[in-house]
Amino acid sequence: MTFERHFCGLPLYRHYSSPKSRLGIGLQIVSRLQGANAKYELFLQRYFPRFYVLYHTFTKGIQLLFQDAKEVTVIRTRMLTNSVEVQDLPYRDMEKLRQFRRDMIKAIPLLLISIPPFANYLVFVLMYLFPRQLLIRHFWTPQQQTEFQGVNHSHRAQHHWAVLKGLESAGSHVKDGRLKISLLDLCNKVQSGVHPNISDIQAIRGLFSGAPLSIKRINANQMRQLCPLFFLTPRLPTPMIGTRLNSHAIELLQLDRALSRHGLHQLDDSELRRACYVRGLDSGSLSINQCREWLSQWLQFSSHLKESEVSLLVHSMVLLSANYPKPSHH
């Protein structure tokens, strides 16, 4: 029996292409697709420039989202393999998990809308009309990222006055005379436009681990005024709001501890601004040196807090950001 066995009058081996030739055909197909895509992008850029920006941002956003998903999978696998708890993760890993979870929660409604046939067209229209409300940061242009961060912060800052008034009202019920005076003086100082010293906040630390100022003991209205600081909805039952606030506050405290271990000097400019923004500061309007100074002050006081005192951490998102970088008064 010879190697060239005939089948239907033709040698059998001629019916099969070699792996090398199949690879060549595959590369040609990929090359042609890339060329067609490049021509399509050039066509959009020339004749539909505004749609091109949307299309380019969307395709790049998909790539960034998949990259984040891959990094999160690696982090979670490492956690399972090495039995590592979230609070023991390096700062960048912890921040990646926190931000990815928030991104996915925001993205779910848009993903659900895109499921029905031909719904992709509706998704593009919604992306164009409501990018800040519906899209996650991966699908924002650099200009939109700066603009939307400013808008989101302005919505957050609208609640500063109500938080301070609520804190002042709770302070009037404090029994310890010295702590009561310290708290009311601090509220008056911030309301009059003065940026407080860290020592002013540390002086009232003892009030925030029990009644009336711990997360679980503050009144329902104060809880609802604090929700926008974390961009949480206040339209939930009071017990659920308290649980969510406490969870986000503890997460922020764990991030602070991880950042202290990591070292502030190791953050690049983008990470530094992001860290300040997460903690309540309008970092986009400040210089890098101002951001670094503020975050250093923040870590100086938060590194000493216990989990039972996270209510002070949440209120400090207003106390330490409302008037920065105005000079402190002694």
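Me: At roughly what angle do the axes of helix 11 and helix 13 cross?
Reply: This is a predicted model, where local features need pLDDT of at least 70, side-chain atom pairs count only at pLDDT 80 or more, and totals for chains, interfaces and linings use all residues. Residues are numbered from 1 along each chain as its sequence is written, and side-chain values use heavy atoms, leaving out hydrogens and water. Helices are DSSP runs (H or I, at least four residues), numbered from the N terminus; axes are lines fitted to C-alpha atoms over the stretch in contact, with angles from 0 to 180 degrees between N-to-C directions. The axes of helix 11 (residues 238-262) and helix 13 (residues 288-302) come within 10 Å and cross at roughly 110 degrees.

Me: Which residues of helix 13 make the contact with helix 11?
Reply: Contact means heavy atoms within 4.5 Å. Helix 11 brings Leu-252, Leu-253, Asp-256, Leu-259 and Ser-260. From helix 13 come Leu-295, Trp-298, Leu-299 and Ser-302.

Me: Why are helix 7 and helix 8 described as roughly antiparallel?
Reply: Angles over 145 degrees count as roughly antiparallel. The axes of helix 7 (residues 160-171) and helix 8 (residues 177-191) come within 9 Å. They cross at roughly 160 degrees, so the pair is roughly antiparallel.

Me: How many disulfides does a search of the whole structure find?
Reply: A disulfide is a pair of cysteine sulfur atoms within 2.5 Å. The search finds zero.

Me: Is Cys-276 buried or exposed?
Reply: Buried means under 20% relative accessible area, exposed over 50%, partly exposed in between (1.4 Å probe, protein chains only). Cys-276 has 0% relative accessibility, so it counts as buried.

Definitions and conventions
Helices (H or I, at least four residues) and strands (E, at least two) are DSSP runs, numbered from the N terminus. Angles under 35 degrees count as roughly parallel, over 145 as roughly antiparallel, 65 to 115 as roughly perpendicular and the rest as oblique.
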